[in-house]
Amino acid sequence: MQKNFKNMIDNNIAIKVDNVSKKFCKRLRYSIAYGLTDISKKILGISIESQKLRKNEFWALDDISFELKKGETLGIIGPNGAGKTTLLKLLSGIIMPDKGKIEVNGRVGALIELGAGFHPLLTGRENIYINGAILGMSKKEIDKKFDSIVDFADIGDFLDMPVKSYSSGMFVRLGFAVAIHSEPDILLIDEVLAVGDMNFRRKCYQRMLDLKKEKKTIVFVSHNLLLIKKLCQKSMLLDQGKMVFYDNTVLTVNNYISLQENRFSKEPLNGYRWGTGEAKIEYVKLSNIDNIVTDTFYNGENICITLGYNASKKIENPIFWICITDDEDNKISGTTTMQENVIIPYIMGKGEIKCIFKNISLCPGIYYIIAGIYGEDGEEPYDRFGRIAKFRIIEKTNQPLNPNFTGIFRPEVKWLTQDK
Amino acid sequence: MNYNQTKVYLPLSQQKINLFILWKQMFCELIKSREIIWRLFLRDFIAGYKQSLLGFLWVIIMPLIMVASFIFLNRSGILNIGKTEIPYPVFALVGLSIWQLFASGLVSCTNSIVTSGGLITKINFPKESLVFSSIAQSLLEFTIRIAFLVIVFIVFNVYPSWKIIFLPLILIPLLLFTLGLGFLFSLLNVVIRDIANFVSLFVTFLLFITPVLYPQPSSRLFVIINKFNLPGILTTSARDIVITGSIPQLTSFIYASTLCLFIFVICWTIFHIVEPIVAEKF
């Protein structure tokens, strides 16, 4: 429920969140029962005990407090299910908190799902007016901005066709265009821009920068850490409903990465493996330049990978393959014995083979290894083992995790300055 | 609309309710959301018949079929409808058209919130507008039926009383009653989806115990039951105004109208209080 408090909070503050918690129910049956009791209690004027958890309930958000000044941009990051969207829904007033208090100062535009109000049978033109009205625009306002909306959405001839014939990209573009033209003072953006193509994303990004310049307040949820870093001064890290970290974006992103890394190191590798099985990789060992077994390397160090294999029959001219991948299984660097002109006449029984990646030049992060044994023809593997091992690259001089590097490749870099 | 206002969101349990402030708020919000109501109304109006062959004919087909089957049952001697002052088809069609305003209005109001679930969980907007636009839809269908009735009157060479001009006034209590129940059921329907089925069953049942498709019988049981049949009283009163120009059960009508006003205000208030927690109950 909205109540108007005049000048209750400092005019400079756009959003004030005080110890806000929100609970959800895990079971449908219970949520029906709770829904009914809540509604009837409310009607009868009996107070609802929203402070305590009932059976099968959990805190989707737990004791969140923060303040956002006008013109500030806040990023919200966190793993799936951290409560990011829930927080946005609370800020936009779609759902009410169970504890605490939220004060919002200004017209709010929430982009939680683009084109949420679109009717598939109606044309783009008709939907612009409907969606605009739902977002709080008057007909005059929409008339005035109509061309600009159509221009931004870039849907061309499709304007007068039913929305159901739109591609998902067009749908999202139109949704974003309408929402952004409702001229909110406070813009809440959920991870909605991921659908559009590159051009559109660039346009959205540009528009957000413009809004930033216009001193609009933006709350931005995204998994795109680079974008968050570019757009937001301050960021909040949510994890399992709790605010884990709230500070400068660079620091928050660092925290997020180390949180994800900690989870990773606890997670099993879940390697996938196939092959005829006539020869098998039995173990893999990573060691550093001093021959010490480790999984953490400094950037620039040598990585020595030892494969232990077992061939059940005599295999002539086998080819060994090792490849480094990132955490999305993109291959970064691979090598085979054949490529390096190493000829192995045959293998039989147990044995070991070593491969040294010299002066590894990678950005800090987690990397994985794929290994394989192939026959002469290099087609059907005897054994191919994805994610057989993983290792961590850290920076020698810098703080252990510095996500400010762009890209993956990081050779030794020197900057030279010269005065003229 | 003044957007530069501070909104405060509190847990429902901490919100204090002052009825007069609340009523003022509800009224202001209704005025503010007229644009949304209009757009939602247009949306349903355009979309509703876009992919249908017969389009708006459906609005008159249903009562036609209903009346035709009753005529058939009467002719074949299964039912004995009894004598009506004016030709039976006219009598039944007038009554049924008014009844449908209540019946289809209630059903569509009940479903209004649930069918817009995607919208409600994504955008914060006054949810009353969904219910109001549903009733507007039913009003439009009613108008179409009235236009059709004009043809029926001409065909049967029967003319309504001049007091038909009071019809809009007489219909107000029925509309308020429909809206009131619609508010309540649309909320409940969010939590328990059975409500929608229950409502459509309920209005069908009510139709058969209401003297709409047949003249008022004199059996004591029937009279007693229909003393409590609010939509029945309101519908027959409106029909009688059209056909005879008088309301035989005027006192009942006045009582029923007052009751409807109360039901409307209470249910709307309930709706407005509960509205903020609707989105999370989906």
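Predicted model: local features only at pLDDT ≥ 70, side-chain atom pairs only at ≥ 80, totals over all residues.
**Helix α1 of chain A**

Next, colour Tyr34(A), Gly35(A), Asp38(A), Ile39(A) and Lys42(A), which are the buried positions in α1(A). Viewed down the helix axis, these buried residues fall within an arc of 130 degrees, so they line one face of α1(A).

To see what covers that face, display β1 (13-25) and β2 (57-69) of chain A, and then α7 (167-191) and α11 (250-274) of chain B; the cover of the buried residues includes these elements from both chains.

Gly45(A) follows the helix, and its phi is positive, near 80 degrees.

**A nonpolar patch on chain B**

Move to chain B and show Trp162(B), Ile164(B), Ile165(B), Phe166(B), Leu169(B) and Ile172(B) as a surface. Together they make a nonpolar surface patch of about 640 Å². Ile172(B) belongs to helix α7 of chain B, and its relative accessible area of 41% makes it partly exposed.

**Thr86 of chain A**

Return to chain A and select Thr86(A), in helix α2 (residues 84-92). Is this residue buried or exposed? Thr86(A) has 12% relative accessibility and therefore counts as buried, the cut-off being under 20%. Beyond its sequence neighbours up to four places away, Thr86(A) touches Lys22(A), Phe24(A), Ala60(A), Leu61(A) and Ile95(A).

**Salt bridges**

The whole structure holds 24 salt bridges over all chains.

- Lys101(A) and Glu103(A): their side chains meet at 3.6 Å, N to O. Lys101(A) is partly exposed at 26%, whereas Glu103(A) is buried at 4%.
- Asp160(A) and Arg125(A): this salt bridge has an N to O distance of 2.8 Å. The pair links distant parts of the chain, 35 residues apart, with Asp160(A) in the loop between α4 (139-153) and α5 (168-180) and Arg125(A) in helix α3 (residues 124-134). Asp160(A) is partly exposed at 46%, as is Arg125(A) at 35%.
- Asp143(A) and Lys139(A): these side chains form a salt bridge at 3.0 Å, N to O. Both residues lie in helix α4 of chain A, four residues apart, about one turn of the helix. Asp143(A) is partly exposed at 35%, and Lys139(A) is partly exposed at 39%.
- Arg107(A), Glu141(A), Lys145(A) and Glu183(A): select these together to see a network of salt bridges.

Conventions:
Residues numbered from 1 in each chain as written. Chains lettered and ligands numbered in written order. Heavy atoms only, no water. Buried < 20%, exposed > 50% of the residue type's maximum accessible area, 1.4 Å probe, protein only. Helix = DSSP H or I, 4+ residues; strand = E, 2+ residues; numbered from the N terminus. Arc of directions from axis to C-beta. Contact = heavy atoms within 4.5 Å. Patch = residues over 30% accessible without salt bridge, like charges linked within 9 Å, V, L, I, M, F, W, Y side chains within 5 Å. Areas by Shrake-Rupley, 256 points an atom, 1.4 Å probe, with all protein chains shown as cover. Salt bridge = Lys/Arg side-chain N within 4 Å of Asp/Glu carboxyl O.
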